[in-house]
Amino acid sequence: MSFELQLQPPGPEARALAVKELRETEEVVKEGLAGLRKYLEEDKTLYFRTDDDFLLIFLRPCKFYAKSAYELMKRVADFKEKNVALLDNLMPEDEKNAILTTHVVNVLKNRDHKGRRVLLINPGKSWDPSKVSTDQMLRVLYLIHDLAILEPETQIYGAVVVMDFDGLAMKQVMGFTPSFSMKLLGFIQESMPLRLKEVHIVKQPFVFNMVWQMFKPFVKEKLKKRLFFHGSKMASLHAHIPPSHLPKDYGGTLPEIDYSSADWYPTLVKHEDKIRGG
């Protein structure tokens, strides 16, 4: 299976949703692009591309308010600067081993019932902290986000994260650190130009409470409202994503997941120029 990016223009349903939720009319788009370009021209400290496609990545999650999109771009630049050792010139080749040999991060082949991309993170038994550090996990997530933000329909519909803590034990708990918690949440809450619609925590054992206590102080109200804890109750998850759009692994009717990040590594490599260009 090869995992393909969907780079075609938004279809009629996505366009209708964009008008309804993002104010995406021809006039508003034109105004937003012009306003954001003006902010970038006046700011001599930011170095971003200024073509329409690239600026739309930041305008869509900000509902085409140029000032908000500009502030988001500043936060993205700030995050990259603070984590320069982690993210500077980061390319797929740099994390090839982590992507090909571990099953910590995956992307479902299908979108969900609302057209959203579904990112699957397995920080439980699938994760061996002695082989893949939390920094590497963050780097892999960053590379995936680099691709996701290129898809026009993902920009409009947004993304959902499922965090599967099945088999979480003390060795994984010890792998999480307050500094990683702050970095990860700083990225998700402040510096990710994606509409993150929901985060689902599933199959978490009792020991998960130790991990949650570390993250909890840094979780802002906006994200709190989008966080759902299901334990082993898949019916609870199905209230948000129906079984028709989930694999058997999560009580769904789709086939069990038989693919991993290794299957979409070629896609990362194929679009290296776009990752570099961002």
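**A buried arginine and its partners**

Modeller: R139 is buried, at a relative accessible area of 15%; buried means under 20%, exposed over 50%, partly exposed in between (1.4 Å probe, protein chains only). This is a predicted model, where local features need pLDDT of at least 70, side-chain atom pairs count only at pLDDT 80 or more, and totals for chains, interfaces and linings use all residues. Residues are numbered from 1 along each chain as its sequence is written, and side-chain values use heavy atoms, with hydrogens and water left out.

Biologist: What does the side chain of R139 meet in a salt bridge?

Modeller: The side chain of E95, at 2.6 Å, N to O. A salt bridge here is a side-chain nitrogen of Lys or Arg within 4 Å of a carboxyl oxygen of Asp or Glu.

Biologist: Where do R139 and E95 lie?

Modeller: R139 is in helix α7, and E95 is in the loop between α5 (84–87) and α6 (96–101), so the pair ties together parts 44 residues apart in sequence. Helices (H or I, at least four residues) and strands (E, at least two) are DSSP runs, numbered from the N terminus. E95 is buried too, at 4% relative accessibility.

Biologist: Switching to strands. Which strands pair with β2?

Modeller: β1 (residues 105–107) pairs with β2 in the antiparallel sense over three bridges. β3 (residues 159–164) pairs with β2 in the parallel sense over five bridges. Pairing requires at least two DSSP bridges between the strands. V105 has I121 as its bridge partner, while L120 stands opposite V162.

Biologist: How many residues of β2 are buried?

Modeller: Five of the five, residues 117–121, so β2 is largely enclosed by the rest of the structure. R117, L119 and I121 cover one side, V118 and L120 the other.

Biologist: What about R116, buried or exposed?

Modeller: Buried, at 3% relative accessibility. R116 forms a salt bridge with E198, with the closest N and O atoms 3.2 Å apart. R116 sits in the loop between β1 and β2 and E198 in strand β4 (residues 196–202), so the pair ties together parts 82 residues apart in sequence. E198 is buried, at 9%.

Biologist: And D166, which residue does it form a salt bridge with?

Modeller: K125, with the closest N and O atoms 3.1 Å apart. D166 is partly exposed at 30%, whereas K125 is exposed at 59%.

Biologist: How many salt bridges does the structure hold?

Modeller: 18. K67, E71 and K74 are linked in a network of them.
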